[in-house]
Amino acid sequence: MSDTLLGIFSWDFIGSVIRVTTPILLAAMGALVANLAGSPNIALEGTMLMSAFIGVIVSGFTQNLWLALFAGVLSGITMSLVLAFFALKMKTDIILAAIALNIFSTGGTIFFLSTLTGDKGSSASVNSLVFPNIDLPLIKDIPVLGEILSGHHIITYVAIVLIFVMQYVLYHTPLGLRIRAVGENPDAAESVGISVNKTRLIALIISGTLTSLGGLFLSMGYVSWFARDMTAGRGFIALAAQALGGVSAFGVALGALLFGFAEALSYSLQFLKVPYEFTQSLPFIITIAVLAFYAYIRLPQNVKRRGAQSGETRNGRLFQRVWEYFSRRAGIRKGVDS
Amino acid sequence: MKEMHSDTGVSILEMRDIWKVYPNGVIANANVDIQVRKGEIHALLGENGAGKTTLMKILFGFEHPSSGKILYDGKEVAIASPHKAIAMGIGMVHQHFMLVPSLTVAENVLLGMEPKKGLSVGMAKAFEIVRQAGNQYGLSVPVEKKIEDISVGMRQRVEIIKTLVRGANLIILDEPTAVLTPQETVELFKALRILVDRGKTVIFITHKLNEVKQIADRITVLRKGHVVGTAEVKDMTQVEMSRMMVGRDVEMVIEKKPAVVGPELLCVKKLHYVREDKVAVLNGVSFSVRAGEILGIAGVEGNGQTELVQIITGLLSPSKGDIAVNEKVMRRLNPKTARKSGMSHIPSDRMVRGVALESTVEENVISDRYFKKPFSAYGIQSPRKITRFTKGLIDQFDIRVDSSKRSVKMLSGGNIQKVVVAREFTAGAKIIIADQPTRGIDVGASDFIRRQLVEERDQGVGVLLISADLTELLEVSDRILVLYRGEVVAHFDEVEGLTEETLGEYMLGIKRMSEDDLKGYSQETATDKEGMER
């Protein structure tokens, strides 16, 4: 028992956290750029699923990794273009359009999978290639650190580089400035001749591209096949990670890491005698718990202390006291004590 | 001071026979001719709904005229979009600023035309460009600060610089002084003079006559979509202008009987409010409103008035402090208990809190009493009684609408406000909280609402009036408090002899009454500070 416990928090575990964080991170950055532009993309789930599927099929039939990459990313961009067409041009509600895309992806991938392979469950019969793992020269020879940092999937490294690239693009380039301006006050942007729709279209395309890489990682890195619904809610968890991480790419990366940790934990716990159903639901329980906690600490003090103004409270209310205790210790209390 | 410039007579802009008819048949502009000379400040004067804004939207490319010609610099032009207007050298400072709050001044100014350094935005260069542009026209701005951290007057400067760096020669300002203090207005007018001296032309949209008199060279007056006339300002008196604007003589002074003050109706005690971002918006504000008086609250917008009103009306819970109505401390204050205790509320944002835009006039005027007799019996509405009641209000409050079943969004701003006022004044309230009751509405409607306020006060109602319009405050109030950074910094128990300039000095924090003078209004004692830290 203690051996397995130890196993959970081993160096391997850290590696596994990095691995499972990768797709969430990519999609979360996709969520970030779309959100900043004021055109939230909740079609991340469907986009990931679609590019995971297209990547495997193209690689299986062409045996060409580059073509698979190209097709996978293109499918992600296509999803974004469809969303942009409905939301920006036809002025439908962007959330509804995205929900439709998500449902389409679930059904569509299964339909094409069974049409192409005769199997409705997975693409096991398709002999797909995978993107390679990379050993980092020099670093791989460092003990411990080498084990953690080296030997990861190429898309993982790309994702890490993209954190910095996205931070730079969003906060240091004219494009980033325009994306943020359009998201915060579209009228202001429009009044100086910036096309709101064009900027949002660009943001959605970037969002689709990033997210499609996450999808490709799932089916051509993590494993080497496509299975129905294999994204398993990661697109939505990415939205949560973005909400938690705020408006900087670094924050979003931290948010993604938290959910990656939760997911990796759920795999490790399967080796213990924890019920399978519980470990499976763990990442989602953590998602809800973290979001609720986060929303709570952001509440204004006087909403938390409803009724305090009439002087009757401040006694009783166990939860509130516990909260105040912890928040004081954590130094995150908001409100009157500033 | 109003000497004409040498190039008088050369027109930079001519709009000829402009018509704007909307698909629903509303005629916003009819046969409008306007000619603006190079290097002048041209005021466009008119009541709300007179068609000023529509005309300027046409000029700036937001809207397209149904027919008519526009000549800019002597050439006929078609202005398809704001982008085109900017390219031609027309700039517009909108009433609601077109700025991105979380971006810096420089970023806002140069948005869409950012200087580059490699792939990045060249920040140092951006700061320099904006600083230079500002200095050139006497408009210094803190280029590195975020918009959300600077004052409204500053933001307006940023907007003006925005048009200048884009090469504007003709600058349209849409009611620029609506949000400014008297001192800021003076600053703005100085800046406008400099602009004109440097060869720019300014179109100034307003409905304030004293400003026209102060700053404009010529005026064009619009009424109901038509041009009433164009004239040299120096040849006209304010009364003449107002007659052109309204088409009748508006009595400018409200006759007021001395206040007959009764018992204390509303008492605010040591009110504190700390916003989500830890900014203390209200710092121990105390005052009371008695029956039969109007207490005015002056202050630059954003000094705690909004929160104060929201707390009093139960929309927001204070961090500390009490509200007492009829000498009873309200423990669970929410809009419903506030109304039950005899309070009525004219909110500042009528479109958001005042009315339900999609609903009819009838539905809006009974929205606080729909469940009461005679409007409802045994849970069923009585449509005929509601209609009869609403028609009564439409007559009494002079709401211009052809049917009580018309949805409120079809009405003009002034008439929407009258719907709100009709409801709030007939609720049988003992206390009326009037938050910017006449903002953005025309002279006629404003005058009407002010008179109603005074009448209510004569009936023994206690009125709390929050207003950015100092003329209004001085005219209507019996007592005045000045709010600055969430504190009462001055109180005047006598309004007679008080001037806008004096109020302005307190509003801007230049002056502050001594602690002794403020006893009972501002409570910054040691015990309270301790309380804050707890």
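**View 1. Helix α12 of chain A is largely enclosed by the rest of the structure, because 15 of its 21 residues are buried.** Buried here means under 20% relative accessible area, exposed over 50%, and partly exposed in between, with a 1.4 Å probe and protein chains only. The helix runs over residues 249–269 and reaches 30 Å from its first C-alpha to its last, close to the 30 Å expected at 1.5 Å a residue. Helices are DSSP runs of H or I with at least four residues, and strands are runs of E with at least two. This is a predicted model, where local features need pLDDT of at least 70 and side-chain atom pairs count only at pLDDT 80 or more. Residues are numbered from 1 along each chain as its sequence is written, and chains are lettered from A in the order in which they are written.

**View 2. The second largest pocket has a volume of about 630 Å³.** Of its 26 lining residues, the closest to the centre are B:Pro335, B:Lys336, B:Arg339, B:Ser367 and B:Asp368. On a 1 Å grid over the protein atoms alone, a pocket is an open set of points where a 1.4 Å probe fits, with protein on both sides within 12 Å along at least five of seven lines; lining residues have an atom within 4 Å of a point. Helix α10 of chain B gives the most to the lining, with five residues. Strand β18 (343–346) and helices α11 (350–354) and α14 (413–425) of chain B each supply at least two.

**View 3. B:Arg339, B:Asp368, B:Arg369, B:Arg423 and B:Glu424 are linked in a network of salt bridges.** A salt bridge puts a side-chain nitrogen of Lys or Arg within 4 Å of a carboxyl oxygen of Asp or Glu. Over all chains, a search of the structure turns up 35 of them.

**View 4. B:Asp478 pairs with B:Lys256 in a salt bridge, the closest N and O atoms being 3.5 Å apart.** B:Asp478 sits in the loop between α16 and β23 of chain B and B:Lys256 in the loop between α8 and β13, so the pair ties together parts that are 222 residues apart in sequence. B:Asp478 is buried at 14% relative accessibility, while B:Lys256 is partly exposed at 28%.

**View 5. B:Phe127 has its place in helix α4 (residues 123–136) of chain B.** With 17% relative accessibility, B:Phe127 counts as buried. Its C-alpha is separated by 9.8 Å from that of B:Val109, 18 residues apart along the chain.

Conventions
Heavy atoms only, no water. Expected span 1.5 Å × (residues − 1). Points joined across faces, edges and corners; volume = space filled by probe spheres on them.
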